[in-house]
Amino acid sequence: MSLKSERRGIHVDQSELLCKKGCGYYGNPAWQGFCSKCWREEYHKARQKQIQEDWELAERLQREEEEAFASSQSSQGAQSLTFSKFEEKKTNEKTRKVTTVKKFFSASSRVGSKKAEIQEAKAPSPSINRQTSIETDRVSKEFIEFLKTFHKTGQEIYKQTKLFLEAMHYKRDLSIEEQSEFTQDFYQNVTERMQTRGKVPPEKVEKIMDQIEKYIMTRLYKYVFCPETTDDEKKDLAIQKRIRALHWVTPQMLCVPVNEEISEVSDMVVKAITDIIEMDSKRVPRDKLACITKCSKHIFNAIKITKNEPASADDFLPTLIYIVLKGNPPRLQSNIQYITRFCNPSRLMTGEDGYYFTNLCCAVAFIEKLDAQSLNLSQEDFDRYMSGQTSPRKQESENWSPDACLGVKQMYKNLDLLSQLNERQERIMSEAKKLEKDLIEWTDGIAKEVQDIVEKYPLEIKPPNQSLAAIDSENVENDKLPPPLQPQVYAG
């Protein structure tokens, strides 16, 4: 049977317009000859099949990664060979999967999306380019094992996470702010999808988000922590130099209610400093926040032991500032920026982690703007301490407790003596410079007075007078004068 078009006068076979599946409805060439209902069914089946293949591929790749890592412990040469075969096999599997899906849906894809898929298939996967490490393999294994308990929801989460990592791989050229915004959007979308579609309880949503953050940030850490496109490193050096210049600040200046003479309190202070320094060694923002939280709890315990009562917020912040000054944590600004940019926002906005992180930011801001008024010092003393000319007086020997170490007492006694000698030398140098200045001024004054006198009474040197002539020089008749009388001697 044929259908005749009265407008164009062409003949079309009616059987060619029916759905391929034989449901009796007309098909659409844009949907590969399927009707809309059958095409949706086929699309859903293909999507579920693809998700299942991805899940099986992830498990198989994980097993192969473990086998490759185990073989690397026995022979280095065997490691490179096994890893090369493993990477080649993984690349072929990835290319085959993408090509199969593209063939099935090629007619319903737009031209722009076709080009993007072809470029994505040709481009290397981020998992191929990454450097394998023990920590990355361990986190990947833990993430997969964790998601297995959620079955279908876990498969969907794993699929979204892999797509996010793929997208981040192509966004490395963007600014760190844009990458941060993309990551925060991903956190929000996954959370909303689990709450609305998956009906996952809030407590499980929080655990899942912690695992997602741990998995993706372990892989992205080396690309997004202190990137070269930002001035994070410059800020790190500035705050580190600032803290070194403030090494002379004492607990009394900050009104810190902590007595380090108590051994238990001293141990708490050391643990707090260790925790704040350890923050830089962590990769995941949640782990960095955990270090800040542990440090803060040690501070509260130290205050509680010293005062024999629970610590307040007014006591906590000055003590935290003192711990930061004493510990001088490495890459402090970079860690703060990294947590702000890539941490799960729900953790920063609520809970004790967010509270302690806010206090740390306030402590760093206070250190950057610290001046003489903040420490109740005169500007002259503050400038002398900052320049290193002198340092605050140490504790007097008579105030030491009987249980204090003799070596510590002697050390502070020597430091006090050196401080006194330093002050004495400074006074001598000051007096010497003053004497030198007075001598120069006195010399200049004498020279000026002499010059004024010379100008007022100038010295005039007259020519010498002519010699006087003899009295008889003009007497022309000298030759007529009698000779002079000669003395005579008479003998008596």
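Guide: Start with a cut-off: a residue counts as buried when its relative accessible area is under 20%, and as exposed when that area is over 50%. The model is predicted.

Now take Arg347. Its relative accessibility is 15%, so Arg347 counts as buried. Arg347 sits in helix α15, which covers residues 345–349. The side chain of Asp210 makes a polar contact of 2.8 Å with that of Arg347. The side chain of Asp353 makes another with Arg347, at 3.0 Å. Leave aside residues up to four places away in sequence, and Arg347 touches Glu206, Asp210, Arg286, Leu289, Asp353 and Gly354.

Step back to the whole chain. It has 492 residues, and buried residues make up 33% of them. The protein chain holds 18 helices and two strands. Take the contacts between residues at least 6 apart in sequence: 68% of these join residues at least 24 apart.

Aromatic rings give a further view of the interior. The structure holds 16 aromatic pairs. One of them joins Phe146 and Phe150: the ring centres are 5.3 Å apart and the planes stand at 55°, so this pair is tilted. Phe150 has 17% relative accessibility, so Phe150 counts as buried. Another pair, Trp248 with Phe382, is edge-to-face, with 5.8 Å centre to centre and 80° between the planes. Trp248 lies in the loop between α9 (232–245) and α10 (251–254), while Phe382 lies in helix α17 (residues 379–387), so the pair ties together parts 134 residues apart in sequence. Both partners are buried: Trp248 has 5% relative accessibility, and Phe382 has a relative accessible area of 7%. Ring pairs also link Phe164, Phe182, Phe186 and Tyr187 into a cluster.

A nonpolar surface patch of about 510 Å² is formed by Val408, Met411, Leu415, Leu417, Leu418 and Leu421. Leu415 belongs to helix α18, residues 406–456. With 36% relative accessibility, Leu415 counts as partly exposed.

Note on methods. Residues numbered from 1 in each chain as written. Predicted model: local features only at pLDDT ≥ 70, side-chain atom pairs only at ≥ 80, totals over all residues. Heavy atoms only, no water. Helix = DSSP H or I, 4+ residues; strand = E, 2+ residues; numbered from the N terminus. Buried < 20%, exposed > 50% of the residue type's maximum accessible area, 1.4 Å probe, protein only. Contact = heavy atoms within 4.5 Å. Polar contact = N/O pair within 3.5 Å; in protein donor to acceptor, adjacent residues only side chain to side chain. Patch = residues over 30% accessible without salt bridge, like charges linked within 9 Å, V, L, I, M, F, W, Y side chains within 5 Å. Areas by Shrake-Rupley, 256 points an atom, 1.4 Å probe, with all protein chains shown as cover. Salt bridge = Lys/Arg side-chain N within 4 Å of Asp/Glu carboxyl O. Phe/Tyr/Trp six-rings, centres within 6.5 Å; stacked < 30°, edge-to-face > 60°.
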